[in-house]
Amino acid sequence: MQPIPRALKVLTWVSAGLFAAALLMTLFYAPREAVMGDVQRVFYFHVASGWVGGLAFLVAAGAGVIYLLRGSRRWDAVGLASVEIGLAFTLANLISGSVWARPIWNTWWTWDPRLVTASVMELVYIAYLLLRQGLEDPDRRARFGAVYAIVGFLSVPLTFLSIRIFRTIHPVVVGNNDPTAQGAFDMTPPMLQTFLFSLFVFTVVYIALLWHRVRMQALAEAVEQRKMKLLSA
Amino acid sequence: MALEGPAQTFNYMLLGYGVILGCIAVLVISMLTRYRALHRDQRMLDELETQAKR
């Protein structure tokens, strides 16, 4: 196993520092929202988590396309790594949204288009991991993963656009709100700065995690090959 | 009756942050655990290969 590249070590420390800075910004720099109170602060990391989830699934779809074109299993590793990370952040987005909704919408859950499509998106990618594990042949597994990640990505724009297409109580961050939306608020400049900084920080954290996870997958495959070689000797 | 000041939702804020940080922590800890297991496997394979050569 190659030692961790210096660039990755630096990126890891930088992303940890930026994350701490973003956390402090959301807690102390962004003002308390006038109606919702402190729970509104969850919004900054809630949206950033959703953004990383969508980005991760987009990268997985892109990696799937490149794998199908070039056949290099490295891209399968990128797709798998990205889906795993996307699942974690999408789960954070879903549950934190539910926590925010309890005091604001007076319910933990409602069959709102955004909540339903986001949950379906999460389930689609959980299925990606489960179905992959059922395939023993690495090349077949990679091909399946690539096609699934490409088709599964359809759930991402559907989730994003759901609040613009369907009637919803979920607030819109960028653009006009549905008249039935509850919990919408106007962002003051410190709020906007905190929001944009959180999006940036979460993107950096995603890149660091992706790099680490891809390296780990390369190590896993090398160990597997050595085990097979030892068993066949 | 008019609402005086923002709603008292501090505990929900803590829960929300806990969920987000918890999900990220689970992901990171899972990766660290798997990394360590792979390194352990690598060391074991090194030993087995050395024994097989003797």
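Chain A has seven helices and zero strands, where helices (H or I, at least four residues) and strands (E, at least two) are DSSP runs numbered from the N terminus. This is a predicted model, in which local features need pLDDT of at least 70 and side-chain atom pairs count only at pLDDT 80 or more, while totals for chains, interfaces and linings use all residues. Residues are numbered from 1 along each chain as its sequence is written, and chains are lettered from A and ligands numbered from 1 in the order in which they are written.

The C-alpha atoms of chain A fill a box of roughly 70 × 40 × 30 Å along the principal axes. Of the 233 residues in chain A, 39% are buried (20 or more other C-beta atoms within 10 Å of the residue's own; 12 or fewer is exposed, and in between is partly exposed; C-beta atoms are placed from the backbone). Among contacts in chain A between residues at least 6 apart in sequence, 75% join residues at least 24 apart; a contact requires C-beta atoms, placed from the backbone, within 7 Å.

The largest nonpolar core has 60 residues. Such a core is a set of buried Ala, Val, Leu, Ile, Met, Phe, Trp, Tyr and Cys residues joined through C-beta atoms within 7 Å.

The largest share, 18 residues, comes from α3(A). The residues with the most contacts inside the core are A56(A), V83(A) and A92(A). Not counting residues up to four places away in sequence, A56(A) touches S82(A), V83(A), I85(A), G86(A), F89(A) and Y206(A).

The buried residues of α1(B) are Y12(B), M13(B), G16(B), V19(B), I20(B), C23(B) and I24(B). They pack against α2 and α3 of chain A.

Helices α4 (residues 113–133) and α6 (residues 155–165) of chain A have axes that come within 8 Å and cross at roughly 170°. Axes are lines fitted to C-alpha atoms, for helices over the stretch in contact, with angles from 0 to 180 degrees between N-to-C directions. The crossing therefore makes α4(A) roughly antiparallel to α6(A), a term for angles over 145 degrees. The residues of this contact divide into eight nonpolar, four polar and one charged. Here Ala, Val, Leu, Ile, Met, Phe, Trp, Tyr, Cys and Pro count as nonpolar, Asp, Glu, Lys and Arg as charged, and the others, Gly among them, as polar.

How values were computed: Parallel < 35°, antiparallel > 145°, perpendicular 65-115°, else oblique. Contact = placed C-beta atoms within 7 Å.
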